[in-house]
Amino acid sequence: MEGINLAAMLGGVGLFLLGMTMMTDGLKLAVGPSLSGLLHRWTATRLRGLLFGIVATALVQSSSAITVAAIGFVNAGLLPLGQSLWVFFGANVGTTFTGWLVAVIGFKLKLEAAALPLIGVGVLLRLSGQETRRGAIGNALAGFGVLFLGIGFLQQAFAAGGNAIDLSQLSGHGLWSILAFVLAGAVLTAMMQASAATLAIVLTLAEAGVLPLSEAAGAVIGANIGTTATALLASIGATPNARRAALAHVLFNLLTAVVALLALPLLLALIGRLRELLELGAQPAVTLALFHSVFNLLGVILMWPLTERLSRYLETRFRTREEEIGRPRYIDRNVGAVPALAVDALQREVSRLGNIVLELARQRSTPADGDGAPAWPALDPFPALARAIVDFVTEVNRHPMPADTARNLAALLRVHRYYDTCHELCAEIAAIHALPSGVDAGQAEAMRDLAAQARQLLEQLDPQPSGQPQLAENALPDFELAYHALKAGLLEAGASGRLPIATMEELLGGFSALRRLVEQAHKAASTLAGFAPLPAA
């Protein structure tokens, strides 16, 4: 077996990576503004999510760009993790477009003749519109040309002569050689952080006759495994959803790699038959590009019936304490199938939601050390639990139910809305802790007293197992009188110039939010009081 010119190979890989970077950056800038909108519209079903992943990755030549966009939507709660998996799987299939690019175009053209005009036109477009879409397209064209030059150098490196690298020691040992090239492909991809460069090297080796087809296929499988290194690196210190997405990527690639290795002789025979049917020619590079596409599509077919289970498994991984608290305790799909049982379960879950938000409200109405506003707690399970309750009610509404059950569900949904408003108001009450120099001692004392009254009321308005709010007879009227007295005092201080108008408005806004919060909590407690008392859980 002939040696490989190391210098030409390193130069070819460098140019290929530079071309890929330029092309990816240019395409992302040209197509990028449309990606977010398309992602949101095109992931409603698993098939649409898969197609979006394939087409978008082929367009921007970067599976990482599509994956990052999908993870952003998952973290924002706009895209369920289960649906996002199909975008990731599609992105994996879309990366096979690079192999076709190298096999069909890279080895069919006189590369210098194609590359140099592309670089020239691309640079002219870039210079004529640096910050425009035209400049981005120019950058992509120039990158395309540099990529072709890199393939040209790789062909030179593997066509003849040097003796820097000799693959004869690795090749020709049957299964062990295939496994060695799987490892080599994975390590090379992990080191370069680009499966496209590994594929270009493998396809060029196979086309030059340096590497037998079965061993080249092993290296292609290894390149697929190596792409998981990027996802694993990106998941370090990332959010739980980002780590779940990375784990899905790893599991998908490992599954497809294991199946492809176990069925390699069969797959290569199938590829040969497909190539003849499609009249693609017998070039090794084309065969390997077809193999890369087929085994990734095989992975998608294998995952089709497993995705729901995988999604449920991923949801149990990397759970934060916030997610554990925000996880429903009483409602699930089984309960939702029986509307009469769903009402009791929902009453418990909504009461628990009220306990969470009113505890937050009490924290926010208590001054921090030094009489400053308390920080928003790092642990806030309310949003996750509130979304789960809405999803549960949506599920229950799909089943026929008696009129009184429907009324009870509507009432509990109204309580949910009251608590949702309380949560929003918690962000606005920090201003009640501001004590500027213009506030006299009497007003400062009145402000502290009103905040203390609110905390006491919120304690009494916490949802009780009995369903009855434990309010003193005159508690709410006394709170209202105290609020209006404080409001009048602050308005007078602002009108007389003793208090800056901006400060006055900030304080009034904070105490108005506190008053509304107490009102919403009282409405929620009063509505819950209309239900039968809950037995001990």
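This is a short walk through the structure above, from its overall make-up to some individual residues. Please keep in mind that the model is predicted.

Let us begin with the whole chain. It contains 23 helices and zero strands. There are 537 residues, and 47% of them count as buried. The chain exposes about 24800 Å², with carbon and sulfur atoms supplying 62% of that area. Take the contacts between residues at least 6 apart in sequence: 80% of them join residues at least 24 apart.

Now look inside. The largest nonpolar core has 60 residues, and those with the most contacts inside it are Leu-346, Tyr-419, Phe-511 and Leu-517. Two or more residues each come from helices H18 (339-364), H19 (382-396), H20 (403-426), H21 (441-460), H22 (475-495) and H23 (501-529). Helix H23 gives the most to this core, with twelve residues.

Two other residues are worth a stop. Gly-26 sits in helix H1 (residues 6-41). Because its relative accessible area is 0%, Gly-26 counts as buried. Beyond its neighbours within four places in sequence, Gly-26 is in contact with Ala-136, Asn-139 and Ala-140. Gly-26 and Arg-126 are 100 residues apart in sequence, yet their C-alpha atoms are 9.7 Å apart in space. The second stop is Thr-287, which lies in helix H14. With a relative accessible area of 2%, Thr-287 is also buried. Leaving out residues up to four places away in sequence, Thr-287 touches Leu-213, Ile-271, Arg-275 and Ala-282. With Arg-275, the side chains of the two residues make a polar contact at 3.0 Å.

Next come the charged pairs. The structure holds eleven salt bridges. Glu-519 and Arg-515 both lie in helix H23, four residues apart, about one turn of the helix. Glu-519 is partly exposed, with a relative accessible area of 32%. Elsewhere, salt bridges that share partners join Glu-359, Arg-362, Glu-459 and Asp-462 into one network. Arg-417 and Glu-424 form a salt bridge too, with their closest N and O atoms 4.0 Å apart. Both are partly exposed, Arg-417 at a relative accessible area of 43% and Glu-424 at 42%.

Leu-47, Leu-51 and Trp-304 make a nonpolar patch of about 280 Å². Trp-304 is found in the loop between helix H14 (284-303) and helix H15 (307-315). Its relative accessible area is 35%, so Trp-304 counts as partly exposed.

Technical notes: Residues numbered from 1 in each chain as written. Predicted model: local features only at pLDDT ≥ 70, side-chain atom pairs only at ≥ 80, totals over all residues. Heavy atoms only, no water. Patch = residues over 30% accessible without salt bridge, like charges linked within 9 Å, V, L, I, M, F, W, Y side chains within 5 Å. Areas by Shrake-Rupley, 256 points an atom, 1.4 Å probe, with all protein chains shown as cover. Salt bridge = Lys/Arg side-chain N within 4 Å of Asp/Glu carboxyl O. Buried < 20%, exposed > 50% of the residue type's maximum accessible area, 1.4 Å probe, protein only. Contact = heavy atoms within 4.5 Å. Core = buried A, V, L, I, M, F, W, Y, C linked by side-chain atoms within 4.5 Å. Polar contact = N/O pair within 3.5 Å; in protein donor to acceptor, adjacent residues only side chain to side chain.
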